[in-house]
Amino acid sequence: MRNISLHPDTIAEIKDKVELVDVVSDYVVLQKKGQDLLGLCPFHDEKTPSFSVSPSKQLYYCFGCGAGGGAIKFLMEINKQSFKDVVLDLASRYQVPIKTLAEEDQQKIQKQISTGEQLYEILAVATSFYQHSLAQEEGTNALKYLKDQRNLSSDNIEKFKLGYAPDGWDTLYHYLVEVKHYPVTLVEQTGLIRKRTKGEGYIDYFRNRLMIPIQDANGKIIAFGARSLDGNEPKYLNSPDTPLFSKSQTLYGLNFAKKTIAQEDKVIVVEGYFDAIALHENGVSNAVAVLGTALTQKHIKLLSRYSESKTIIVNFDADIAGVKATERVIKEVESLVYSGQINLKVLTIPNGKDADEFLKSSPDSITKYRELIKNSPLWLDWEIEQIINNRNLQNSSDYNLAFQSILKLLTKISNESTKDFYLTRCAETLSTKRSQYSGLNSQEFKSIRQNLQFSLKKNYHNPYNNKKSSKVDGKSSQNKEVEKAEFLLLLIYLHCPDYREIIVNELDDKDLVFSIKYYRFLWQEINLVLENLTENNTHNNLLITVQENIVSHPDLAEKLTNIFHLSENDEQILFQPADYIQRQIALLQTIKLEKYNQYCQQQMSQLNQEKDLIKMTYYYEEFKATEAKLYELNPQRIQ
């Protein structure tokens, strides 16, 4: 569909108009650092930001993996798209007229662009239809619900374009297809209608529901949320995912909130449509809502574009489900919060109310809510409170659970001064809580703090801060994997003669060698014995001869005992040797490739991008090719 020849003028205009920061911000949380911006690289896992974006040069570069280039290359890499696909998407985003080198290509691409515009048009017409229905007799109950139960003014009902879907099987279908003459295939793509499960034809997706249009950041209607009015489940129903809409990437009310988010440098995230609407109605116009999903990294990255300090305040319900949802948010964006990329806070409304309920609870509720915003604790303080709540710290079991949970939180804090602050704070909290029961003095505080500090140093390593420790632990884990793989290959080789040739061929083909000292020695002994055995007695005598020969090397023989004297578990392996061979070869090959990838990254980090461009390009291409091989190997390791 996109097999066209783009005119050079189109490409030049797109390169001129595109803003790299806008493009990258869809995928990376960026923070100002001098004249450039810095964030976590989207092309490799890292805990410390090394991904730099230069607005003046319109170039990005990662000092960790060496990825670099401009906006088009970034989108090609991140989305695995072709050059033409990226250019055409950018042309649509920046409203650049497309010129092609052939007239038929021009017509083809204009048709493709016009399809998207038609979908927007159909959704806008449907919105007007729902708004009209709300004002008719059939929408009386829906309008009464909005005004009486939700306390919404006519102005806000109009502002948010709220409407009503009539209780008919195909009322909207009839209007859009038979009256307005939109192609049924396009209407179906909007998610407004769906095919009947039995028989032919279509039915409306929404029926007898209060309709809440969902708009993108620019105010274009892309989908709908709908509330049941007759008790039918689900209570809330969203449009299905469409070419214009993905609920995991969309936030309700962002088009209304983005200006205030930028002005106040913070955003309030709530769970429901009417929570967001109620806040806007009461002047808190920097509020947005998730669409029945968890708050994802994509949501966070979208919101962070509008807040310089990246301050995001989560105000989910205070019930068990709401607490779990908040914990999922923290887990989802863990790498961002622990490294300080975003400033995450948690607002909890007293007595388990949601925002809409709270704002209706008293005449001064909006003043109280603004105080809650002002005093909302950082996510870490909230987490500590959740750990302490409802625990009797006089009870040793409860105390130990709280102590260990707090310890896990502290290990993940990157900044040493922040960690030290919370070390003291947590010790105070634990000792104060215990003093309510047993009257402990300041000595108890000192003791708890010392225990926390000692446990941090002794029993835990920090994956977000202590890189040396992480590398040592990673290397140790990797060595154990290598040791196990080499053990299994030698075990199968000695006890399953029919698979020896397969193992030799795999090792030669993948250029793999035994790296563990005593297994390398055993492999050498095996080959020496094979050279002196005749073809007729090789299979029978290899195991016995090798075992006899290594007796003269007692320091190594002790390490090899398990290969000759099998446990019950090891005997089970011999019933399916082919599967084990494949997995161990894949594992050894993976570790070898990962080491080569680290070498490539190390080389790139030592090169100058301008002076050593050829070398840097070579190592970058090697890095990407190795990544592709690792991706192919992964399924073989886990079969």
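Predicted model: local features only at pLDDT ≥ 70, side-chain atom pairs only at ≥ 80, totals over all residues.

Reader: Thanks! What counts as a strand, and when do two of them pair?
Author: Strands (E, at least two residues) and helices (H or I, at least four) are DSSP runs, numbered from the N terminus. Two strands pair if DSSP finds at least two bridges between them.

Reader: And which strands make up the open sheet that has β10 in it?
Author: That sheet has 4 strands in the order β6-β9-β10-β11, with antiparallel pairing. β6 (163-165) and β11 (236-238) are at its edges with a single partner strand each, so one side of each has no neighbour in the sheet. On average, neighbouring strands here are turned by 35° against each other, direction ignored.

Reader: Which helix lies across β9, β10 and β11?
Author: That's α11, and it runs at about 70° to β9. Such angles run from 0 to 180 degrees between N-to-C directions, with axes fitted as lines to C-alpha atoms, for helices over the stretch in contact.

Reader: What about the open sheet of 5 strands, what's its order?
Author: It goes β1-β2-β3-β4-β5, with antiparallel pairing. Here β1 (31-33) and β5 (68-69) stand at the edges, and each has a single partner strand, so one side of each is left without a neighbour in the sheet. Inside the order, β2 (residues 36-39) and β3 (residues 51-54) pair antiparallel over 3 bridges. Gly39 has Phe51 in β3 as its bridge partner.

Reader: Are β14 and β15 paired in the parallel or the antiparallel sense?
Author: Parallel: β14 (residues 311-315) pairs with β15 over 4 bridges. Ile312 has Leu344 in β15 as its bridge partner.

Reader: Which residues of β15 are on its covered face, and which on the uncovered one?
Author: Leu344 and Val346 make the covered face, while Asn343 and Lys345 make the uncovered one.

Reader: New topic! How many residues are in the largest nonpolar core?
Author: There are 53, and those with the most contacts inside it are Leu303, Leu344, Leu410, Leu430 and Leu452. Helix α18 (residues 396-411) gives the most to this core, with 7 residues. Apart from it lies another core of 39 residues, including Val18, Phe43, Val86 and Met604. A nonpolar core is a set of buried Ala, Val, Leu, Ile, Met, Phe, Trp, Tyr and Cys residues joined through side-chain atoms within 4.5 Å. Buried means under 20% relative accessible area, exposed over 50%, and partly exposed in between (1.4 Å probe, protein chains only).

Reader: Why do the buried residues of α22 line one face of the helix?
Author: The buried ones in α22 (residues 500-509) are Arg500, Ile503 and Leu507. Looking down the axis of α22, they fall within an arc of 65°, so they line one face. The arc is that of the directions from the helix axis to the C-beta atoms. Glu501, Asp508 and Asp509 are exposed on the other side of α22.

Reader: Last one: how many aromatic pairs are there in the whole structure?
Author: A search finds 27. In one of them, the rings of Tyr61 and Phe63 have centres 5.0 Å apart and planes at 85°, so this pair is edge-to-face. Rings of Phe, Tyr and Trp (its six-membered ring) pair if their centres lie within 6.5 Å; planes under 30 degrees apart count as stacked, over 60 as edge-to-face and the rest as tilted. Tyr61 is buried, with a relative accessible area of 8%, whereas Phe63 is exposed, at 53%.

Definitions and conventions:
Residues numbered from 1 in each chain as written. Heavy atoms only, no water. Contact = heavy atoms within 4.5 Å.
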